[in-house]
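Hi,

Here is the structure I promised to send over. Have a look first, and then read on for what turned up in it.

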Amino acid sequence: TVTGVQTCALPICQIVEGRNNAPVIEIGDMPATVGGDVRIPYKVSDLELDRVDVDVMFSIDGGENFEWATAGGTGVYPNGLHTTADGRFYNFVWDSVADVGEDVVEDNVVLEMVAWDGLKASFPAQTPPLVVDNGVDALDLDIDGNVYDGTGSQLAARWSISEATLERWRC
């Protein structure tokens, strides 16, 4: 809704009728390495308090090319979000396995968010390059060999040990 431009000189704010400002979006701090369902904290503000939709994209080439990000967790895309002039905090959960792949490590992933109030879009907010580690367990070992029973007979055997198996047997 176009209600005007809000100009502020603390502590008094005034709305100038007939203009609409673009919303502003900021991505919060994130760890340098992420994986699986990734929580992306962000803040969105709009001087006219318009509701906004947020587009979330990812790039595996450092920000050259972007694709739509798949929502993880509840699978809900951030649409119709309430705003304030100072900004309101939200989280988006990104399913990095669906987008980057399973058993994959990518070291130049950039996330980008853009807020849209129906009339204007924000400037894009981007993360610095992140490492997305959807790699295999740290330990996954298969051993083939021979076992001899008490009578001297040779039996073929295969042992599989994974980090999850070791965790169960750890003392």
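Let me start with the contacts (heavy atoms within 4.5 Å). Of those in the chain with a separation of 6 or more, 58% are between residues 24 or more positions apart.

Please keep in mind that this is a predicted model, where local features need pLDDT of at least 70 and side-chain atom pairs count only at pLDDT 80 or more, while totals for chains, interfaces and linings use all residues. Residues are numbered from 1 along each chain as its sequence is written, and side-chain values use heavy atoms, with hydrogens and water left out.

On confidence, the average pLDDT (the predictor's confidence in each residue, from 0 to 100) is 82 for the chain, and 68% of the residues score at least 70. Residues 1-14 fall below 50, and this stretch has 37 contacts in the model beyond near neighbours in sequence. Residues 163-171 are also below 50, with five such contacts. Where pLDDT is low, the predicted coordinates should not be read in detail.

The chain holds two helices and 13 strands, taken as DSSP runs (helices H or I, at least four residues; strands E, at least two) and numbered from the N terminus.

There is one salt bridge (a side-chain nitrogen of Lys or Arg within 4 Å of a carboxyl oxygen of Asp or Glu). Its partners are Glu26 and Lys43, at 3.9 Å from N to O. Glu26 sits in strand β3 (residues 24-27) and Lys43 in strand β5 (residues 37-45), so the pair ties together parts 17 residues apart in sequence.

Best wishes
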